[in-house]
Amino acid sequence: MDEALNLDSGLQIMTVNLYPPCPQPELAVGMPPHSDHGLLTLLTQNGIAGLQVLHNEKWVNVNALPYSFLVNTGDHIEILSNGKYKSVLHRAIVNNKTTRISLAIVQDLHLTQWLAQQKS
Ligand SMILES: O=C(O)CCC(=O)C(=O)O
Ligand SMILES: [Fe+2]
């Protein structure tokens, strides 16, 4: 699969997110609900909770384990697995005490590979 999908030439996009303390966190959105577009996203955080995933129609807090990467499944893995691995809907909330930082690295197919997958 690795060779067929040309993963060695895949796209990597890194995003750094900064969430400063918010005086009224219940009125604010850190990052609105979305799914990531790629195959897999590696996410690391500065130990401050804020990530939530939608599970059984409820938003569930995800622990921010220090010195770890959390792996989220993205839209393209859902398409490639014919729905076996669902792309996870997630969002980030803010708090009124501490600045939160997260770093997300999306691993995706090469742009030309993406077009090839669309044709088949
Ligand atoms: O800050 C977070 O925990 C989520 C970040 C995120 O979902 C993203 O960058 O795509
Ligand atoms: Fe995301």
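Biologist: How do the residues of the shell around ligand 1 divide into nonpolar, polar and charged?
Modeller: This is a predicted model. The shell around ligand 1 includes Met31, Leu43 and Leu51, along with Asp36 and Arg100. Met and Leu count as nonpolar, Asp and Arg as charged. The division is six nonpolar, four polar and two charged.

Biologist: Which elements give two or more residues to that shell around ligand 1, and which gives the most?
Modeller: The elements that give two or more are β1 (11-19), β2 (31-34), β7 (90-92) and β8 (100-108). Arg100, Ser102 and Ala104 are among the residues around ligand 1. Three residues come from the element that gives the most, and that element is β8.

Biologist: Where does ligand 1 sit?
Modeller: Residues surrounding ligand 1 include His34, His90 and Ala92. To sit in a pocket, a molecule needs more than half of its atoms within 2 Å of the grid points. Ligand 1 sits in the largest pocket.

Biologist: How far is the polar side-chain atom of Tyr19 from an oxygen atom of ligand 1?
Modeller: A polar contact needs a pair of N or O atoms within 3.5 Å. Asn17 has a side-chain N or O atom 3.1 Å from an oxygen of ligand 1. For a polar side-chain atom of Ser102, the distance to a ligand 1 oxygen is 2.7 Å. For Tyr19 it is 2.6 Å.

Biologist: What share of the area that ligand 1 exposes when taken alone does the protein bury?
Modeller: Ser102 places a polar side-chain atom 2.7 Å from an oxygen of ligand 1. Taken alone, the ligand exposes 290 Å², and the share buried by the protein is 93%.

Biologist: Is Asn56 buried or exposed?
Modeller: Asn56 is not a glycine, yet has a positive phi of about 50°. Its place is in the loop between β4 (51-55) and β5 (58-61). The cut-off for exposed is over 50% relative accessible area. Asn56 has 66% relative accessibility, so the residue counts as exposed.

Biologist: What is the relative accessibility of Glu57, and why does Glu57 count as exposed?
Modeller: Glu57 also lies in the loop between β4 and β5. Its phi is positive, near 65°, in a residue other than glycine. Exposed means over 50%. Glu57 counts as exposed because its relative accessibility is 76%.

Biologist: What pattern does the protein chain follow along the sequence?
Modeller: The protein chain has two helices and eight strands. Read along the sequence, the pattern is β-β-β-β-β-β-α-β-β-α.

Biologist: What percentage of the residues of the protein chain count as buried?
Modeller: The C-alpha atoms fill a box of roughly 50 × 30 × 20 Å along the principal axes. Buried means under 20% relative accessible area. Of the 120 residues, the share that counts as buried is 31%.

Terms used: Residues are numbered from 1 along each chain as its sequence is written. Chains are lettered from A and ligands numbered from 1 in the order in which they are written. This is a predicted model: local features need pLDDT of at least 70, side-chain atom pairs count only at pLDDT 80 or more; totals for chains, interfaces and linings use all residues. Side-chain values use heavy atoms; hydrogens and water are left out. A residue is near a molecule or strand if one of its heavy atoms lies within 4 Å of it. A polar contact is a pair of N or O atoms within 3.5 Å; within protein, one must be able to donate a hydrogen and the other to accept it, and residues adjacent in sequence count only if both atoms are side-chain atoms. Accessible areas come from the Shrake-Rupley method with a 1.4 Å probe; for residues, only the protein chains shown count as cover. On a 1 Å grid over the protein atoms alone, a cavity is a set of points where a 1.4 Å probe fits but cannot get out, and a pocket is an open set with protein on both sides within 12 Å along at least five of seven lines; lining residues have an atom within 4 Å of a point. Helices (H or I, at least four residues) and strands (E, at least two) are DSSP runs, numbered from the N terminus. Buried means under 20% relative accessible area, exposed over 50%, partly exposed in between (1.4 Å probe, protein chains only).
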